[in-house]
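Dear colleague,

Please find the structure below, followed by notes on what was found in it. I have kept the criteria beside each term.

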Amino acid sequence: MAAQTPLLLSPQALLLYLLLIPVLLLLRATNRRSAGERAAADNHGGRPLPSPPNKLPLIGHLHLVGPDPHVSLAALAAKHGDGSLLLLRLGQTRALVVSSPRAAEAVLRTHDHVFASRPPNALADALLDGGADVAFAPYGEFWRQARRLVITHLLSARKVHSLRRGREEEARLVMAKIQGAAAAGAQEDQEADFVDVLLSLQEEYSLTRQHTKSILMDMFVAGTDTSYIVLECAMAELMRKPNLMAKLQAEAVVKETLRLHPPAPLLLPHLSMAECDIGGYKVPAETRVIVNAWALGRDPGSWEAADEFMPERFVDVVSPDFKGRDFQFLPFGAGRRICPGINFGMASVEIMLANLVYCYDWELPDGMRQEDLDMTSVFGMTMRRKEKLFLVPRTRC
Ligand code: HEM
């Protein structure tokens, strides 16, 4: 009688069991291996890198990484790491998290040649034709050529200087918009300028149409979002400390904003191309490396009052360099993969910030207090403010 047939013997249940048995066996086998064996396997027999204990089958440590990965990775590194390095399994991927200036220096300077590649990235593959750009290209001849092109012809100090008029015009247009005036006028089109340059170099660099498109996309995506994020965070921090507005030094404010709110808090992922010894640990080839620039910038061991917004720390003293020489401050990364757009980005943000603060007094909207300003951020390709910043301008000039 059907009603008396035990449920476990139904054909569906049997099928389910048959499908589950290999998975259950795999889980048992994984769990039976001692922590030491697992660590040794992850470290190719070397001294085991510190790693959180509660690794789950299949997903590894993914469940420990929260919606703000830079924050949860910093907390994990503090709890389970040795203060510098932490090994995670993110699904099938082995990832080394770097959270101290010393370890960052080892990875991005001492052994930069080993860690200068990029892991495959499905999003970049779809958008940029699998590494036909600079930012996501694996280390190799194509990347070297594309980076040389970008540094020499698009982002050199001379080029950035020559685009000064364009930036001034851009700032003027924004001020005019704020004033409510019609934002008309001759605008120097920087993107078109980049297109012209790239088209003129197609032969010299053997650029295909796809290369040209991908490099332009790099310039556009890497350039606009980051600069805008820094500007918005700088204005939000200044609203919380309005006394700083008056004695503003745009450069110091921008540096301090980059320290507390780096738009790329985990840089871009690096990939090791060979086995390498870092601080006595063996890091295997093909390990993803995540440098937590956000944690470095807030490390109380490197910075006094690390969580305080204090632009004055960058004024009139020998302050940390942000171009990849001081490893407690890496908003642009360091080494071979350092951002090639530093001068371009800094020039764009500084001129806009100086104009905003010089031409206007800024107030919070009616009824809003400084302490109501929500400084939380959301993590994505870049880290941006969760809440849009709304301010009221009062004309000064
Ligand atoms: C404040 C503004 C900016 C910040 C904070 C910033 C930050 C960064 C960071 C953290 C990286 C990754 C470094 C690494 O992997 O070690 C990077 C790479 C890159 N950035 Fe920027 N960036 C900014 C502006 C720009 C601008 C204006 C451009 C170009 C117009 C640009 C183009 C690039 C490119 C092409 C790469 C990839 C370099 C490579 O892989 O060789 N960035 N940037």
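How far is an oxygen atom of the ligand from an N or O atom in the side chain of tryptophan 143? The distance is 2.9 Å, which falls under the polar contacts (pairs of N or O atoms within 3.5 Å; within protein, one must be able to donate a hydrogen and the other to accept it, and residues adjacent in sequence count only if both atoms are side-chain atoms).

Before going further, please note that this is a predicted model, in which local features need pLDDT of at least 70 and side-chain atom pairs count only at pLDDT 80 or more, while totals for chains, interfaces and linings use all residues. Residues are numbered from 1 along each chain as its sequence is written, and side-chain values use heavy atoms, with hydrogens and water left out.

The ligand site

The iron atom of the ligand has Cys339 as its only protein donor, through SG at 2.3 Å; donors are N, O and S atoms within 2.8 Å of the metal (3.2 Å for Na, K and Ca), and since water is not among the atoms, sites may look incomplete. Cysteine 339 sits in the loop between helix H13 (293–297) and helix H14 (342–359), where helices (H or I, at least four residues) and strands (E, at least two) are DSSP runs numbered from the N terminus.

Around the ligand there are 27 residues, of which the closest are Arg118, Arg147, His270, Arg337 and Cys339; a residue is counted if one of its heavy atoms lies within 4 Å. By class, the shell holds 17 nonpolar, six polar and four charged residues, with Ala, Val, Leu, Ile, Met, Phe, Trp, Tyr, Cys and Pro counted as nonpolar, Asp, Glu, Lys and Arg as charged, and the others, Gly among them, as polar.

The cavities

There are two cavities of 30 Å³ or more. A cavity is a set of points, on a 1 Å grid over the protein atoms alone, where a 1.4 Å probe fits but cannot get out, and lining residues have an atom within 4 Å of a point; grid points are joined across faces, edges and corners, and a volume is the space filled by probe spheres set on the points.

The largest cavity has about 60 Å³ of space, and its lining includes Ile229, Cys233 and His261. Strand S9 (383–385) and helix H10 (209–240) each give two or more residues to that lining, with S9 giving the most, at three.

The second largest cavity, at about 30 Å³, has Arg259 and Gly297 among its lining residues. Arginine 259 lies in helix H12 and is buried, with a relative accessible area of 0% (buried means under 20%, exposed over 50%, partly exposed in between; 1.4 Å probe, protein chains only). Its side chain reaches the backbone oxygen of glycine 297 at 2.8 Å.

With best wishes

Definitions and conventions. 1 Å grid on protein atoms, 1.4 Å probe; cavity = no way out; pocket = protein on both sides within 12 Å on 5 of 7 lines; lining within 4 Å.
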